[in-house]
Amino acid sequence: MTALPTQLEREAEARGALTQREHERQAVAAHYENHPEIFSLVLDRRLAYATGIFRREEEDLETAQARKYAWIAEQLAIQPGQTVLDVGCGWGSNLLYLAEHTEGCFRGVTLSARQREEALARAKRAGVEGRVRIDLAHVEELDLPSESLDAVLFVGSIVHMHNREAIHEKVARALRPGGRLLISDCFFPVEARGDRDSAASRYIFETALGYCRLLHLSDELGLIERCGLDVVRVEDLTASYACTLGRWIDNVRAHRGRIETLAPGFPRVLQVYMTIARLSFLRRRALEYMVVAVKGKPPRPLAGGVQP
Ligand SMILES: C[S@@+](CC[C@H](N)C(=O)[O-])C[C@H]1O[C@@H](n2cnc3c(N)ncnc32)[C@H](O)[C@@H]1O
């Protein structure tokens, strides 16, 4: 079942694909162009702007994010020399963790020049800059040769992209057989709980974050499957995201003065949108899932050449 389009989605359709791409480039980037120091006061030390994985409610943010990085690394199982694309790499949280813990080659892409600058500086400090490239671009304009990538991640980023069908097709084509796709993001439950066009939703999706499009999980999985990938894992991280947001809100409160100095009015934006999002996850009006899929490999001949 496909979700009824929200007002924001209808506006995106009316703009047309190219204008919508430019709209995302500007409206979404505006949030991430804020000073990285602000986010360093709110997020974990690697600046993950996405959920951690909490096992207990009282765990701290660093523990939950460290578990998430390790979990992603395990799912992607990157081998020496393999090529990885992190779409919406932010300040490099997952990308740099993976670069530091594997011998893969990494390409990140972000809409924010400031994020790119910060991520490259962090790559240098970590001594992995030789295996890390970061582009300032919209994913739709990347030239991705077919069967050139071993893994693609979208962590907290695909929700900003309207043109999902085309993006899934592009990424699936670029994966090698056996290549992995990992998506961690927000979805609407199929059963409508609450008003998806409420002023509160619009505040998060437009005022705070520029543009967001939440699908039903089943619709996103359908797009992945239709591009020839097998879904091998789905984890419900809704409760973890509510905990993560709780920690972020505490940090915004604790550093309100400094954030206000760096970006007047921004502490309020952060606190309001994070509080609405946290309540939505607690009430399961929005859901958070991590999905792993693999591009099907052609069947290998059995030993001795016997075929079924
Ligand atoms: C919530 S942040 C997530 C950052 C990072 N993945 C993490 O987990 O810390 C969303 C990121 O997606 C990027 N982004 C959003 N839409 C994009 C697009 N169409 N093309 C490339 N990057 C995009 C933003 O610039 C930002 O870096």
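## The ligand shell and the helices of a predicted model

The residues that form the shell around the ligand comprise 13 nonpolar, 11 polar and 1 charged. The structure discussed here is a predicted model, and every value below is computed from it. Of the 25 residues around the ligand, those that come nearest are Ala-50, Gly-88, Gly-90, Gly-156 and Ser-157. Three elements, namely helix 2 (17-32), helix 5 (93-101) and strand 2 (105-110), each contribute at least two residues to this shell, and the largest share, 4 residues, is supplied by helix 2.

Ala-119 counts as buried because 25 other C-beta atoms lie within 10 Å, where 20 or more are required. Setting aside residues up to four places away in sequence, Ala-119 touches Cys-89, Trp-91, Gly-92, Gly-108 and Ile-134. Between the C-alpha atoms of Ala-119 and Arg-46, which are 73 residues apart along the chain, the separation is 10.0 Å.

Asp-44 belongs to the loop between helix 3 (36-42) and helix 4. With 23 other C-beta atoms within 10 Å, Asp-44 is buried, and, if residues up to four places away in sequence are not counted, Asp-44 touches Leu-61, Glu-62 and Gln-65. Asp-44 and Gly-92 are 48 residues apart in sequence, and their C-alpha atoms are 12 Å apart in space.

Ile-38 lies in helix 3, and Ile-38 is buried, with 20 other C-beta atoms within 10 Å; a count of 20 or more is what the term requires, so Ile-38 qualifies. Leaving aside neighbours within four places in sequence, Ile-38 is in contact with Ile-259, Leu-262, Ala-263 and Phe-266. The C-alpha atoms of Ile-38 and Phe-266 are separated by 9.3 Å, although these two residues are 228 residues apart along the chain.

Helix 12 (residues 266-282) takes part in two helix pairs described here, with helix 8 (residues 199-208) and with helix 10 (residues 238-254). Two packed helices are described by the angle between their axes and the distance between the axes. The axes of helix 8 and helix 12 come within 9 Å and cross at roughly 130 degrees, which means that helix 8 is oblique to helix 12. The crossing in which helix 8 passes helix 12 is left-handed. On the side of helix 8 the contact involves Ala-200, Tyr-203, Ile-204 and Ala-208, which meet Val-269, Val-272, Tyr-273, Ile-276 and Ala-277 in helix 12. The residues of this contact divide into 9 nonpolar, no polar and no charged.

For helix 10 and helix 12, the axes also come within 9 Å, and they cross at roughly 155 degrees; the two helices are therefore roughly antiparallel to each other, an angle over 145 degrees being what that description needs. Helix 10, too, passes helix 12 in a left-handed crossing. Helix 10 contributes Thr-238, Tyr-241, Ala-242, Leu-245, Gly-246, Trp-248, Ile-249 and Val-252 to the contact, while helix 12 contributes Pro-267, Leu-270, Gln-271, Met-274, Thr-275, Ala-277, Arg-278, Phe-281 and Leu-282. The residues of the contact of helix 10 with helix 12 divide into 12 nonpolar, 4 polar and 1 charged. Ala-277 is named in the contact with helix 8 and also in the contact with helix 10.

Most residues other than glycine have a negative phi. Arg-284, in the loop between helix 12 and strand 7 (287-295), has a positive phi near 55 degrees although Arg-284 is a residue other than glycine. Arg-284 is partly exposed, with 15 other C-beta atoms within 10 Å. Glu-147, which is likewise not a glycine, has a positive phi of about 50 degrees, and Glu-147 lies in the loop between strand 3 and strand 4. With 13 other C-beta atoms within 10 Å, Glu-147 is partly exposed.

Key:
Residues are numbered from 1 along each chain as its sequence is written. This is a predicted model: local features need pLDDT of at least 70, side-chain atom pairs count only at pLDDT 80 or more; totals for chains, interfaces and linings use all residues. A residue is near a molecule or strand if its C-beta atom, placed from the backbone, lies within 6 Å of it. Ala, Val, Leu, Ile, Met, Phe, Trp, Tyr, Cys and Pro count as nonpolar, Asp, Glu, Lys and Arg as charged, and the others, Gly among them, as polar. Axes are lines fitted to C-alpha atoms, for helices over the stretch in contact, and angles run from 0 to 180 degrees between N-to-C directions. Angles under 35 degrees count as roughly parallel, over 145 as roughly antiparallel, 65 to 115 as roughly perpendicular and the rest as oblique. A crossing is left-handed if the near helix is turned anticlockwise from the far one by less than a right angle, and right-handed if clockwise. Two residues are in contact if their C-beta atoms, placed from the backbone, lie within 7 Å. A residue is buried if 20 or more other C-beta atoms lie within 10 Å of its own, exposed if 12 or fewer, and partly exposed in between; C-beta atoms are placed from the backbone.
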